[in-house]
Structure formats: structure tokens, C-alpha cells
Amino acid sequence: MPDSSFTPTDRSRVKRLHERGKYDEATVFAILDAAFIAHIGYVIDGQPFVTPTAFWRQGRTLYWHGSAASRMLRFQEAGVPACVTVTHLDGLVLARSGFHHSINYRSAMAFGTAKLVSDPREEEAQLDLFVDRLYPQRRATLRPNETQELKGTTVIAMEIEEASAKSRSGPPKDDEPDYALDCWAGVIPIHQVVGAPIADPLLKAGVAFPKGLAGYRDGARFDELLTANMVG
């Protein structure tokens, strides 16, 4: 396995349909970078929790943020084991039997230790990176961050220790005799797309839509935009 791959263990190795699993950085990062929302799994006092949150990646480190009053983030500050998962639904796969119906998807699972970003300069730099990751060139057009805003925000980092990707694509796979049935089979593609921008009713007259956001056109695929916007 090349150096740019994650070394799987029992907690990250794909066991069912193992041929769909991959552990190389390129595959894992591509799935992560095409997503905006991840689900963070962790345990507090023996109780499992899974929290959806916006996240971003820089190198082998994942980041997420929220209110400094958040119970989840306060718990994670000290450094706790966490699991970050992302899933893209790409299509509904209709077969000639209920058993062989499936979905086309891309998913990634990353393991590591979540901990507080304690350096105020790093915290602000990561928050600015997050803004530009979703909205290219936008941070430079905004007012500076205020001290109280930064104090009220917590940023958590998790270096990826292990990660795996799993995906499915293509048509249904039926039992050979079923191909003769008079039953439609195939794939219904599923994509998350951008709608036409709606200006704030209180927008100052003469303010144009940002050039840096030209990719956010009506009908554009959101996962492709996020991938194109990747800056780290």
C-alpha cells in the first residue's frame, strides 16, 4: 500500500463487500472535499452521540466549529476519540427484485482524536479558511472578525489517524434469470444542486453578486462546487 494511503485496522477496514473499500488519500479526500456536512460520533459518559455539523479539511486534519457554549465542543476540547463520516447519495438503483435494489453512493469514515484549537491566531485563520472554502474570495470583502465573536466560537481539530472510503456506482446486478422479466430496471441519478441566488431585501442598491461566486449558478452541482473550491 503506498505511503499516501491510510493503514486500515479492524475499526476502519471495510468488511462487507470489501472490494468497494479504498484507503488511499486521493479517494478519501475527494469524498470529504465534496461534502459540507459531516456526522461526528463520540461518547459522553457511556452514551453515544452523533452530531451533524459543517466541517472542512486541511491536509490530514479535519476541522469543525460552533458555539463555545456547545456541550459537544466543550467535551471534545480535552481530546477525545471521534469518528467523522460523510455520505453522498448519487442514485437509486432499481433492480428486478426487491432484494437487489440498491443505491449508488460515496462514503468516507475517518478516525482520530478531536481536540481544541487553542491558539487564537490559528483559530481565526481556520475560520477565515472555512469562509473562503465555501465562498471563494469572500473573506476579504467582509468586515474584520470581532474579538467577542472569536471568544464565542470554538474550533475543533482532528488529525486523521485512520480512514476508509466505500462506494457503489453503475447499473443493478440481478440474478441471471431475472433479466428476462418485463420489469424496468436502471438508475435514477440523485444530485444536490444550487438554485438561483436570492438577494437580501435590505441589500444596498447597486451591490452586484460577487464575481468569486460565479460558480453558484442555477443548476450547478453542489458537490462539484465544493471540490473546485478546495483551498487546503
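The points below go from the overall layout to the aromatic residues, then to one helix and a few single residues.

1. **What you are looking at.** Keep in mind that this is a predicted model. The protein chain has 5 helices and 8 strands, and along the sequence they run β-α-β-β-β-α-β-β-α-α-β-β-α. Taken along the principal axes, the C-alpha atoms fill a box of roughly 70 × 50 × 35 Å.

2. **Burial and contacts overall.** Of the 232 residues in the protein chain, 38% are buried. Now take the contacts between residues at least 6 apart in sequence: 72% of these join residues at least 24 apart.

3. **Aromatic pairs.** The count comes to 7 aromatic pairs. One to look up is Phe 36 with Phe 222: the ring centres are 6.4 Å apart and the planes sit at 80°, so this pair is edge-to-face. The two residues come from distant parts of the chain, 186 residues apart. Phe 36 belongs to the loop between α1 (25-33) and β2 (37-44), while Phe 222 is in helix α5 (residues 222-229).

4. **How covered are those two?**

5. **A stacked pair, and a cluster.** In Trp 56 and Tyr 63 the ring centres are 5.8 Å apart and the planes are at 15°, which means the pair is stacked. Both Trp 56 and Tyr 63 are buried. If you colour the aromatics, pick out Phe 36, Trp 56, Tyr 63, Phe 130 and Phe 222 together, as they form one aromatic cluster.

6. **A charge over a ring.** Which ring does the charged end of Arg 57 sit over? The ring is that of Phe 29, with the charged end 4.0 Å from its centre.

7. Helix α3 (residues 120-134) has 15 residues. From its first C-alpha to its last it reaches 22 Å, close to the 21 Å expected at 1.5 Å a residue. At its start, a side-chain oxygen of Asp 119 comes to within 2.9 Å of the backbone nitrogen of Arg 121.

8. **The two sides of α3.** The buried residues in α3 are Glu 123, Gln 126, Leu 127, Leu 129, Phe 130, Arg 133 and Leu 134. They cover an arc of only 160° around the axis, so they are on the same side of α3. Turn to the face pointing away from that buried side and you find the exposed residues Pro 120 and Arg 121. What covers the buried residues includes α1, β3 (47-58), β4 (61-67), α4 (147-151), β7 (153-168) and α5.

9. Gln 126 is in helix α3. Is it buried or exposed? With a relative accessible area of 6%, Gln 126 is buried. Setting aside its neighbours within four places in sequence, Gln 126 is in contact with Trp 56, Gln 58 and Tyr 63. Trp 56 and Tyr 63 are the stacked pair from point 5.

10. **Two positive phi values.** Most residues other than glycine have a negative phi. Asp 45 has a positive one, near 50°. Asp 45 is in the loop between β2 and β3 and, at 77% relative accessibility, counts as exposed. Gln 137 also has a positive phi, near 70°. Its place is in the loop between α3 and α4, and at 60% relative accessibility Gln 137 counts as exposed too.

11. **Ser 67.** Ser 67 lies in strand β4 and, with 41% relative accessibility, counts as partly exposed. Leaving out its neighbours within four places in sequence, Ser 67 is in contact with Leu 73, Gly 152 and Thr 154.

Conventions. Residues numbered from 1 in each chain as written. Heavy atoms only, no water. Phe/Tyr/Trp six-rings, centres within 6.5 Å; stacked < 30°, edge-to-face > 60°. Helix = DSSP H or I, 4+ residues; strand = E, 2+ residues; numbered from the N terminus. Buried < 20%, exposed > 50% of the residue type's maximum accessible area, 1.4 Å probe, protein only. Lys NZ or Arg CZ within 6 Å of the ring centre and 35° of its normal. Expected span 1.5 Å × (residues − 1). Arc of directions from axis to C-beta. Contact = heavy atoms within 4.5 Å. Polar contact = N/O pair within 3.5 Å; in protein donor to acceptor, adjacent residues only side chain to side chain.
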